[in-house]
Amino acid sequence: MTRKSVKRVSFYKSLLVACVRREGSISRTQLGRSTRIRMPLISALTRDLIARGVLMESGRKSAGRGRRQVLLGLNSRHGFVVGIEFDLYWMTAAVVDVCGRIVARRRIEMPCLPTRSAITEALLEAIASAIRESGYEPKALKGIGVADPGVVDTQSGTTRLCSLLPDWHDVPVRDLLTSRFGVPVLLDENTRAKTLCEHRAGAAQGIRHLLYVDVGSGIGCGLIMDGRLYRGHREIAGELGHVRVLENGPVCQCGGSGCLETVASYPALIRQARAALRDGARSLMAGRADALTMADFFEAVRGGDRLALGLWDRALRYLGEAVANAANLLNPELIAMNFNLPEADESLWLAALRGIVERRVIRLPGQDLPVRAARAGGDAGAWGAAMLLLDRLFEGPLVSQEVCLPVTTAKAGFLFTHYSAP
Ligand SMILES: [Zn+2]
């Protein structure tokens, strides 16, 4: 075979595998219709892909007049990836098979002193132990996706800066992990990974314009605009936490002051509650000032504690105004809120935020803008990072080729939508 035809066959295989992944399970005839590759070639290529363990026969379906067609699917045992996410408090690693299902997870507390070397050490250890616990052969590892709390450069795989973890800046995360594990590494921002996960597997499936708001150790938002993740000019879109809400407010980690994050993030709420307790405020949280956690705080809110309720209402007011401003700017179809803790039950915030959005967001008569709780769960960041990586692994080879085939099915029409070309 000439070099050109080798390249073409490799492209055809990538296209077939990407189509099978998109559809879940698909017959050879449907593959032929979707890709316009000739049937004899499809038969030969799928035979080869099955022999290599990439694809497998996954069932049969009726094709009329008593005929039954064999369906093809991805072989989940072919390999796995690790998705990992971290913030101020937790690091979560998820082992995800090539079909996108989580098969094992590991959650560890972040180091008390989150220095650059301590975070690096924790990352390496969490990934290695997740691989050990996965039940897969380590050599079946296809790549690692990292969801980082900072501002990242996805092209170079570097974390530029991180307002939550001041020592975590200019870190070549991709090179660091590639040299240790010898596989492709994708670095992205954690709210963006959670947004993608919510869009694929949570409350925002089928939504084309999504405003996803992530509240926890920081506050950020992720955007799906016209079906695609929106990143902005330098990939810094979504810094909702640094929208200014207070004149002369507290100094923020970003260098500004009065940012939303200084009022409504979890560390800000803890700080405000501690200060009030030290000043002698009467509260259910009294006596716990030094060891106060957000679980204690939400318990106090639920118990009708005046101090906790006052701080929480104020945080929700500022958060609601910022979300309404973003919605007026972007005209989303859905607002999904993620409060990151099981204790932050939607009974504590949904009505308040819906009320503000109702009053403040401009809509046409009869049109609704739903506000909902995110559903993808505590693994969303790690899972989303794995999904971003799987997209890159399966569809990257298609984007980088010069050959371009017509793709006709509706689902296959979504190819190439979730990342930029390598
Ligand atoms: Zn700020």
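This is a predicted model: local features need pLDDT of at least 70, side-chain atom pairs count only at pLDDT 80 or more; totals for chains, interfaces and linings use all residues.
Me: Which residues of H1 are called buried, and what makes a residue buried?

Reply: A residue is buried when 20 or more other C-beta atoms lie within 10 Å of its own. In H1 the residues that qualify are Leu 15, Leu 16, Val 17, Ala 18, Cys 19, Val 20 and Arg 21.

Me: Why is Ile 207 called partly exposed?

Reply: The count decides. Ile 207 has 19 C-beta neighbours inside 10 Å, while buried needs 20 or more and exposed means 12 or fewer; Ile 207 therefore counts as partly exposed. Ile 207 sits in the loop between helix H6 (190-201) and S11.

Me: Which residues does Ile 207 contact, leaving aside its neighbours within four places in sequence?

Reply: Contact requires C-beta atoms within 7 Å, and His 199, Ile 224, Glu 333 and Leu 334 meet that test with Ile 207. As for Met 225, its C-alpha is 9.3 Å from that of Ile 207, at a separation of 18 residues in sequence.

Me: What makes S11 and S14 a pair?

Reply: Pairing needs at least two bridges. Strand S11 (residues 210-215) and strand S14 (residues 334-338) run parallel and are joined by five, so they pair. One example is Val 213, whose bridge partner in S14 is Met 337. Both strands belong to an open sheet with mixed pairing, in the order S13-S12-S11-S14-S15.

Me: Why are S13 and S15 called edge strands?

Reply: S13 (228-229) and S15 (371-373) each pair on one side only.

Me: How do you know that S5 and S6 pair too?

Reply: The same test of at least two bridges applies: strand S5 (residues 90-97) and strand S6 (residues 102-109) run antiparallel, with seven bridges between them. Trp 90 stands opposite Glu 109 in S6. Four residues lie between the strands of this hairpin, and Gly 100 has a positive phi near 95°.

Me: What makes a set of residues a nonpolar core, and how many residues has the largest one?

Reply: The members must be buried nonpolar residues joined through C-beta atoms within 7 Å. The largest such core has 110 residues, with Ile 84, Ile 335 and Ala 386 making the most contacts inside it. Helix H10 (residues 306-330) gives the largest share of this core, twelve residues.

Me: How do you know whether the chain agrees with or departs from a compact globule?

Reply: For 422 residues the globule rule gives a radius of gyration near 22 Å; the chain has 24 Å, which agrees. The C-alpha trace spans about 80 × 55 × 40 Å along its principal axes, and the C-alpha centres of domain 1 and domain 3 are 46 Å apart.

How values were computed. Residues are numbered from 1 along each chain as its sequence is written. Domain bounds come from an automatic or database domain assignment. Helices (H or I, at least four residues) and strands (E, at least two) are DSSP runs, numbered from the N terminus. The radius of gyration is taken over C-alpha atoms; the globule rule is 2.2 Å times the number of residues to the power 0.38. Two residues are in contact if their C-beta atoms, placed from the backbone, lie within 7 Å.
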